[in-house]
Amino acid sequence: MGGLSPALLFLMQALLLIAGPFLLWRLGGGRHIAPMVVIQILFGVALGPSLLGQLVPELWGVLFAPAALAPLSGLALMAVVFFAFLTGLHLDPADFRGRGGAFATVALSSMIVPTLMGGALGWWLAGAFPGMTGPHATPGLFAAGFGICVGVTALPVLGAILREMDLLGDRVGRLALGYAAVNDALLWLLITAVLAWASADGLSGGGGGWAVARVGALGFAYVGVTVLVVRPLLDRLLERVAPDGRMGDTAVVVTCAALLSSAAVTELIGLHYILGAFVAGTAMPRRYAAAILDRLEHFSTLILLPFFFTLTGLKVNLTLDDPAQWTVFAFATLATLVGKMAGTTLPARLSGESWPDALRLGTLMPCKGLMEVIVLTVLLEAGVLSGACFSAMVLMAVAVTAVTQPMTRLAGWWRPAGAASAAAGRHGGM
């Protein structure tokens, strides 16, 4: 296969990456086991050095040699940019209004409790296994990044799981989506702070609160300009090019130009381009959100994202005899499940939910999927996580996402006598 032309090699890679995971999910029975994103991530990991590279090193060297990956890197970058944009587009600020104090308490607790648990665990890991920290990370920076990774809930993947379980119209499903939306909003605030910290350390050679404040201030200033200036301009511009609400060619180009410009600005000021893409998604006029999703979402998730998963899988190198990696995997998985479930179930029960519904909410929130992989990739590129820690945490993301659906079904089966009618009576108006 050494005589393959670059074009033929790329076409073979694309066919394998796009069709392979979908066929496994659709025809191989994967959709009855896990969401599509879990199959895609596992497929990418299987193509990496941990499996294919060990089983068929000659084939792996031809298909995924460093020189053969250059055409994939641009597509992978575009995939993440579009996914972050679509995630921002899924967030509707109107969903947070009128929810009440109980909703806010559970939503914040579901993110803060596991993040603090992950931060404490990360601080211990930095001392016990120094090889897990990235080349630019202090123990505090590593603990902060690790805590965020434990606290993540993936809104789009959770939506897919709820759709597969027929829970999108269920009150518990709507509450879980609302909690996940708050989690995602908090995630981007926290990751902005960590990236500002990491960027400042890199610029100042190991410290400098002033440098952290400068990068953070630029980021928040950009968000303010986006909300106060860019959003109204986009509203008027889209009203002119798409007055009927349908996304024609001009409207699609305007949307993509706004997305890429926003990503470029945040990359320029020292934050990550993913943050700019997410901000662009939140800035789009809400009345166009459904039409934009209809035009962009399927292409982005089914065609572009497999390229990102492949490059991610090539970075995952699981060493079976490395106790540090398996320790990180085990403790991170435990912290995620315990932190997410306790941080959601207990406050939900205290706010008036029945035990079965509170447990279902708790079992839904550990879902991570692609959002976790993106955050891990960002922290790896920023030098906060080492390659070994990144590999262990990708495996953790796959594990907790895969068990979300069966855990929720198990929680739904346990319903004491009279619980269903009591819950219906309490919440019948919702």
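A residue counts as buried under 20% relative accessible area, as exposed over 50%, and as partly exposed in between. Arginine 287, with a relative accessible area of 49%, is therefore partly exposed. The model in which this residue sits is a predicted one. The protein chain averages a pLDDT of 84, and 89% of the residues score at least 70. Residues 203-208 have a pLDDT below 50, and this stretch has six contacts in the model beyond near neighbours in sequence. Residues 416-430 also have a pLDDT below 50, with 13 contacts beyond near neighbours in sequence.

Arginine 287 is a place to begin with the charged pairs. Side chains of opposite charge can pair when their charged atoms come close. The structure holds seven salt bridges. In one of them, the side chain of arginine 287 meets that of glutamate 239, at 3.0 Å from N to O. This pair links distant parts of the chain, 48 residues apart: arginine 287 is in the loop between helix 12 and helix 13 (289-315), and glutamate 239 is in helix 10 (residues 209-241). Glutamate 239 has 36% relative accessibility and so counts as partly exposed.

A second pair is formed by aspartate 170 and arginine 360, whose side chains meet in a salt bridge of 3.6 Å, N to O. Here the two partners are 190 residues apart, with aspartate 170 in the loop between helix 8 (155-164) and helix 9, and arginine 360 in helix 15 (residues 355-364). Aspartate 170 is partly exposed at 25% relative accessibility, whereas arginine 360 is buried at 11%. The value for arginine 360 is under the 20% cut-off, which means that this residue falls in the buried class. Both residues belong to a network of salt bridges that also links Arg171, Glu353 and Asp357.

Another salt bridge joins arginine 246 to aspartate 244, the closest N and O atoms being 3.0 Å apart. Arginine 246 has a relative accessible area of 62%, so this residue is exposed.

Serine 391 lies in helix 17, which spans residues 387-413. Its relative accessible area is 1%, so serine 391 is buried. Leaving out residues up to four places away in sequence, serine 391 touches Lys315, Val316, Asn317, Leu318 and Gln325.

The structure holds one cavity of 30 Å³ or more, and the largest cavity has a volume of about 40 Å³. Its lining consists of Trp188, Ile191, Leu195, His272, Ile274, Leu275, Ile374, Val375 and Val378. At least two lining residues come from each of helix 9 (171-204), helix 12 (273-283) and helix 16 (370-381). By class, eight of the lining residues are nonpolar, one is polar and none is charged.

Open space is found in the largest pocket, which holds about 850 Å³. This pocket is lined by 30 residues, and the closest to its centre are Pro156, Gly159, Ala160, Arg163 and Glu297. Two or more lining residues come from each of helix 1 (6-26), helix 2 (36-46), helix 5 (66-90), helix 8, helix 9 and helix 13. Helix 8 gives the most to this lining, with seven residues. By class, the pocket lining has 17 nonpolar, seven polar and six charged residues.

Notes:
Residues are numbered from 1 along each chain as its sequence is written. This is a predicted model: local features need pLDDT of at least 70, side-chain atom pairs count only at pLDDT 80 or more; totals for chains, interfaces and linings use all residues. Side-chain values use heavy atoms; hydrogens and water are left out. On a 1 Å grid over the protein atoms alone, a cavity is a set of points where a 1.4 Å probe fits but cannot get out, and a pocket is an open set with protein on both sides within 12 Å along at least five of seven lines; lining residues have an atom within 4 Å of a point. Grid points are joined across faces, edges and corners, and a volume is the space filled by probe spheres set on the points. Helices (H or I, at least four residues) and strands (E, at least two) are DSSP runs, numbered from the N terminus. Ala, Val, Leu, Ile, Met, Phe, Trp, Tyr, Cys and Pro count as nonpolar, Asp, Glu, Lys and Arg as charged, and the others, Gly among them, as polar. pLDDT is the predictor's confidence in each residue, from 0 to 100. Contact means heavy atoms within 4.5 Å. Buried means under 20% relative accessible area, exposed over 50%, partly exposed in between (1.4 Å probe, protein chains only). A salt bridge is a side-chain nitrogen of Lys or Arg within 4 Å of a carboxyl oxygen of Asp or Glu.
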